[in-house]
Each structure stands twice: as structure tokens, then as C-alpha cells.
Amino acid sequence: MADNAREADAIAFREIEPEDLEALSSFLQENDVPSVVRTFNPFPMTTETARKIALEDHRDRYYGAFTGECLVGMSMLRGWDEGHPLPSFGIMVDHRRHNMGIGGRMLDYTIEQARKLGSPRIRLTVYESNKAGVHLYTSRGFVEDSRHSMAIMGESDAKIVMFKELA
């Protein structure tokens, strides 16, 4: 457990850059597992997605949590490329590194980046079954806007849309 705490303390947060392509590609492929993609599915977990994120110009922002050269988490502010006035927040922590505090620290970092970019608020979608995520977002001031029942991988769930004011 002490090694996990040291690793979590040593994490650096920054925007994903072209030289991160290999690390991002590995991260996506290694996290293309049912326990992750059940609740994180904004795009395919492929090398092609990694190329788009790391190499293409876009208004959307993608951030990484790094321990040295290793990517252990990523967050994003998406939607600007499609013309939406507010970004949608998304986050994924490596499935082998859950419960280390990485998600909360990455959320705080990404909220601060949204403020610096001038966004008046951000939105996110979280599944009701993701109790830890719902708790984390509520603890950071996100407020539920709507809830929609649905089935994911054959199981009943609800998609919750939340917003956080940044001004």
C-alpha cells in the first residue's frame, strides 16, 4: 500500500502531447476491459483514437496523469470541436490504480484547466451504478440536472447529467 501512495504522490498532470502517443495508445488498449468500458465509452479504445487525441489539432482538451513516462489516468474537456458552448468532462483512471486518489486529483486539475480556458461551467455524464464517481462529483460541487433510465451491457442503470458552475 505504501508503494501505491508513493506512486500517487509522484503523479504529474499535463496536457497530452504528440510525444505521448505510445503511452496513450498502450493506456487505451490496456483499459479496454469490461469493467472500464461499461462506464467509460466516449470513443473506441484504439491506437487510432490515441493518434487523433495526441496528434491532431483540436479545441477539445485531453490531459494525462503520468508517473514518469507511464500514463495512469486521463481526463478531457470535450464538445468544443462539435460546436458546443460548454465542455463535457470525462475521466478514466487505469483499472489497476483505482482507489489511490488519482481520479479526485485529476478532476481538480481538469476543473482548474476549464477555468483557465474561460469556461463558465462544465457538464458530465455519470452512470448511477458508478457510486464512487457520483460521490466524487457531488463532493466537488457538481449538481444533478437530469437522469435517464437505460440498460448497459444488459443491466438496468441510469445516466445522470451533472453541471458545475465555474464562475
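Residues are numbered from 1 along each chain as its sequence is written. Because the model is predicted, local features need pLDDT of at least 70 and side-chain atom pairs count only at pLDDT 80 or more, while totals for chains, interfaces and linings use all residues.

Helices (H or I, at least four residues) and strands (E, at least two) are DSSP runs, numbered from the N terminus. Seven strands form an open sheet in the order 1-2-3-4-5-7-6 with mixed pairing, two strands being paired if DSSP finds at least two bridges between them. Strand 1 (12–15) and strand 6 (143–152) are the edge strands, each pairing on one side only. Within the sheet, strand 3 (residues 70–78) and strand 4 (residues 88–93) pair in the antiparallel sense over six bridges, and Arg 78 has Ser 88 of strand 4 as its bridge partner.

| Helix | Strands touched | Direction |
|---|---|---|
| Helix 5 (residues 102–116) | strands 1, 2, 3, 4, 5 and 7 | about 40 degrees with strand 3 |
| Helix 6 (residues 131–139) | strands 4, 5 and 7 | about 160 degrees with strand 5 |

Helix 2 (residues 21–30) and helix 4 (residues 47–55) pack with their axes 9 Å apart and at an angle of about 140 degrees, which makes helix 2 oblique to helix 4, since angles under 35 degrees count as roughly parallel, over 145 as roughly antiparallel, 65 to 115 as roughly perpendicular and the rest as oblique. Among the residues making this contact are Leu 24 and Leu 28 of helix 2, and Ala 50 and Ile 53 of helix 4.

There are five aromatic pairs, counted when rings of Phe, Tyr and Trp (its six-membered ring) have centres within 6.5 Å, with planes under 30 degrees apart stacked, over 60 edge-to-face and the rest tilted. The rings of Phe 89 and Tyr 137 have centres 6.1 Å apart and planes at 80 degrees, so the pair is edge-to-face. This pair links distant parts of the chain, with Phe 89 in strand 4 and Tyr 137 in helix 6, 48 residues apart.

Technical notes: Side-chain values use heavy atoms; hydrogens and water are left out. Axes are lines fitted to C-alpha atoms, for helices over the stretch in contact, and angles run from 0 to 180 degrees between N-to-C directions. Contact means heavy atoms within 4.5 Å.
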